Amino acid sequence: MLSTRRAIPVIVLSCLLLAGCKSGSLGGPSPSGSPATSGTASSTSGAGGAGRAIAVGAGPQKKYTVQQQPAAGSCHYRYEHGEPLEDPACTPGATSPAVTQANLKTTICRKGGYTSGVRPSTYVTGKEKKLNAASYDYTGAMGEAEYDHLISLQLGGDPNDPRNLWVEPTDPGHKNSQGVNNKKDPVETKLHTAVCAGKVTLTQAQQAIVTDWTTALTTLHLN
């Protein structure tokens, strides 16, 4: 009888010669048809994205509820070009299934506006904002910070998915008592205008904003 040490190489060699072993056996990779991750994600194509899929949230709700936020102190701001950016591990962004490239004219690009009809109440977002401030260790004045949709509502961002909301601190040089006034907001508006004018696709704008809002317009050649 062959010893255990000698038997294993024989089995492996036979498997390779006969091509009878399934991919993934003996510690190899799983079959190509197996999903790598669970959950729904939007397209990754687009000139402005980093190539990763963006999660799809629940979309507009008749009644919003306060969403659980990341653990206190688990999120960390990063800075690019002197501007505060979100922690991609805590706030990777999430899109709304109600907004697609095919229905832009009846959603975010329609006359009369779209965002007011899908925005959660301040009763809900006010509670979430305090919890998220703890997630990011934000200790500044709450009235100066914006509870921001990373992918804005006017770009088809999910209204209340915790992956799409973060307490955005003030810009460098911002003076207290001036209220919320962030440089990210006009970037979102320019992207919205470009999407509705057909200059870029919805996916391209969404990818650009989650990658780095400070370079989104440059990346999409909209400056």
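In this predicted model, the buried residues of helix α2 pack against strands β5 and β6. The helix is a friendly place to start reading the structure. Helix α2 covers residues 122–135, 14 residues in total, and spans 19 Å from its first C-alpha to its last, close to the 20 Å expected at 1.5 Å a residue. Its buried members are Val124, Thr125, Glu128, Lys129, Asn132, Ala133 and Ser135. Viewed down the axis of α2, these buried residues fall within an arc of 155°, so they line one face of the helix. The spacing of such positions follows a simple rule: an α-helix has 3.6 residues a turn, so residues three or four places apart point the same way. On the other side of α2, Tyr123 and Lys130 are exposed. Just after the helix, aspartate 137 adopts a positive phi of about 60°.

Threonine 91 and leucine 165 are 74 residues apart along the chain, yet their C-alpha atoms are 6.6 Å apart in space. Threonine 91 sits in the loop between β3 (83–85) and β4 (94–95). With a relative accessible area of 1%, threonine 91 is buried, because that value is under the 20% cut-off. Neighbours within four places in sequence aside, its contacts are Glu86, Tyr136, Leu150, Arg163, Asn164, Leu165 and Trp166.

Serine 152 is found in the loop between β5 (146–149) and β6 (165–168). Serine 152 has a relative accessibility of 5% and therefore counts as buried. Beyond residues up to four places away in sequence, serine 152 touches Gly157 and Glu188.

Finally, the cysteines deserve a look. A disulfide is a covalent bond between the sulfur atoms of two cysteines. Searching the whole structure finds two disulfides. One of them joins cysteine 75 to cysteine 90, with an S to S distance of 2.1 Å. The torsion about this S-S bond is about -100°, so the disulfide is left-handed. This pair links distant parts of the chain, 15 residues apart: cysteine 75 belongs to the loop between β1 (55–56) and β2 (78–80), and cysteine 90 to the loop between β3 and β4. Both cysteine 75 and cysteine 90 are buried.

Another disulfide is formed by cysteine 109 and cysteine 196, whose sulfur atoms are 2.0 Å apart. Its torsion is about -90°, so this disulfide is left-handed. The pair again links distant parts of the chain, with cysteine 109 in the loop between β4 and α2 and cysteine 196 in helix α3, 87 residues apart. Cysteine 109 is partly exposed at a relative accessible area of 24%, and cysteine 196, at 34% relative accessibility, also counts as partly exposed.

Key:
Residues numbered from 1 in each chain as written. Predicted model: local features only at pLDDT ≥ 70, side-chain atom pairs only at ≥ 80, totals over all residues. Heavy atoms only, no water. Helix = DSSP H or I, 4+ residues; strand = E, 2+ residues; numbered from the N terminus. Buried < 20%, exposed > 50% of the residue type's maximum accessible area, 1.4 Å probe, protein only. Contact = heavy atoms within 4.5 Å. Expected span 1.5 Å × (residues − 1). Arc of directions from axis to C-beta. Disulfide = S-S within 2.5 Å.
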